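Hi,

Here is the structure I said I would pass on.

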Amino acid sequence: MKVMRLNRVFNKNLNKQKLLLAGGLVLAGGFCYYLNEEAEASDKSKYHGIVIFGAPGSGKGTQSELIVQNFGHVHFSTGDILRAEVRNGTELGKLAKGYMDAGGLVPDNVMIGMISSHIKGPEPKKHGWLLDGMPRTAIQASALDEMGCQPNLVISLNVPDEVLLERICGRREDPVTKKIYHMTFNPPPSDIVGRLTQRSDDTPEKFKVRLQAFHDQSAPIISHYEKQGKVQVLKLDGTKNKNEVFKIISDKLKE
Ligand code: AMP
């Protein structure tokens, strides 16, 4: 009897130990997963949240592509997201289209709602995020801070207005491959010229409105981040060729 009772006590203790061990393993596993997640986020760069900033035509899209290829951040171009919404005829697309066609800005509350549904997903958390086209107003910058999406690096591409105008008005897209060409600086192969399209807001008239919006509302964003003192701001000469610009960005991201 005594042996049986002892056995029961022993088994009970063994079960307790097993439970503790299992609990410990779960905790350790969770901790390793957490560390792993953090490690992946900072594997290639300590800069987990990046805003790429500049006027239309400053080269944000080109540099974003290179950052994604080399560092693996998840890229959010608010202009591309909106254009997809317009193409798909969604409610958001219908609402945004008028503002976009006129070269104006889509209202802040719409943009903030839209980006929060994208940027908070598991992929950007894991691989880091690169925001292109947002924030475009001080209200959007503050909203991002409040939702815990403060960048730790802002890349600012500076290009004079007359260069921007030349870049924007010569820009064409191939609707088949989605590749972007420039009629002078990056001419397309002659057999596809006929099918290329121009964005409806890439005309000189619309561009002037977009540029004005940039100077009025977007430029103060750099001082928003500089004032905080927590975010590094990398100011670059965006007239240099794309590889020279990317070399500077890449050196920064490898720090
Ligand atoms: P983009 O391709 O970045 O030049 O954006 C094209 C258009 O989308 C802009 O001219 C705006 O009408 C709209 N848009 C994109 N991002 C934003 C934003 N963050 N805030 C307001 N409007 C935006």
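**What I found inside**

Let's start at Leu131: setting aside residues within four places of it in sequence, Leu131 is in contact with Ile50, Val51, Ile52, Phe76, Ile115, Ile119 and Leu144. Before you read too much into any of this, keep in mind that the model is predicted.

Leu131 belongs to the largest nonpolar core, which has 34 residues; along with Ile115 and Tyr225, Leu131 touches the most other members. Helix H5 (residues 108–119) gives this core its largest share, six residues. There is also a second, separate core of 16 residues, with Tyr47, Phe71, Leu153 and Leu234 among them. As background, nonpolar side chains in soluble globular proteins tend to be buried together.

**The sheet**

Next, the strands. Five of them make an open sheet in the order S2-S3-S1-S4-S7, and the pairing is parallel. At the edges sit strand S2 (74–77) and strand S7 (232–237), each pairing on one side only. From one strand to the next, the twist averages 20°.

Ile52 stands opposite Asp132 in S3. Helix H2 (residues 60–71) packs on this sheet and touches S1, S2, S3 and S4. The direction of H2 makes about 170° with that of S3.

**A serine to look at**

Is Ser156 buried or exposed? Ser156 has a relative accessible area of 4%, and the cut-off for buried is under 20%, so Ser156 counts as buried. You'll find Ser156 in strand S4 (residues 153–158). Not counting residues up to four places away in sequence, Ser156 touches Phe53, Ile222, Leu234, Lys235 and Leu236. One of these, Leu234, also turned up in the second core.

**The whole chain**

Finally, some totals for your notes:

- The chain has eleven helices and seven strands.
- Of its 255 residues, 38% count as buried.
- Taking contacts between residues at least 6 apart in sequence, 71% join residues at least 24 apart.
- The accessible surface of the chain comes to about 14600 Å², and 57% of that belongs to carbon and sulfur atoms.

That's everything from my side. Over to you!

Definitions and conventions. Residues are numbered from 1 along each chain as its sequence is written. This is a predicted model: local features need pLDDT of at least 70, side-chain atom pairs count only at pLDDT 80 or more; totals for chains, interfaces and linings use all residues. Side-chain values use heavy atoms; hydrogens and water are left out. A nonpolar core is a set of buried Ala, Val, Leu, Ile, Met, Phe, Trp, Tyr and Cys residues joined through side-chain atoms within 4.5 Å. Buried means under 20% relative accessible area, exposed over 50%, partly exposed in between (1.4 Å probe, protein chains only). Helices (H or I, at least four residues) and strands (E, at least two) are DSSP runs, numbered from the N terminus. Contact means heavy atoms within 4.5 Å. Two strands pair if DSSP finds at least two bridges between them. Axes are lines fitted to C-alpha atoms, for helices over the stretch in contact, and angles run from 0 to 180 degrees between N-to-C directions. Accessible areas come from the Shrake-Rupley method with a 1.4 Å probe; for residues, only the protein chains shown count as cover.
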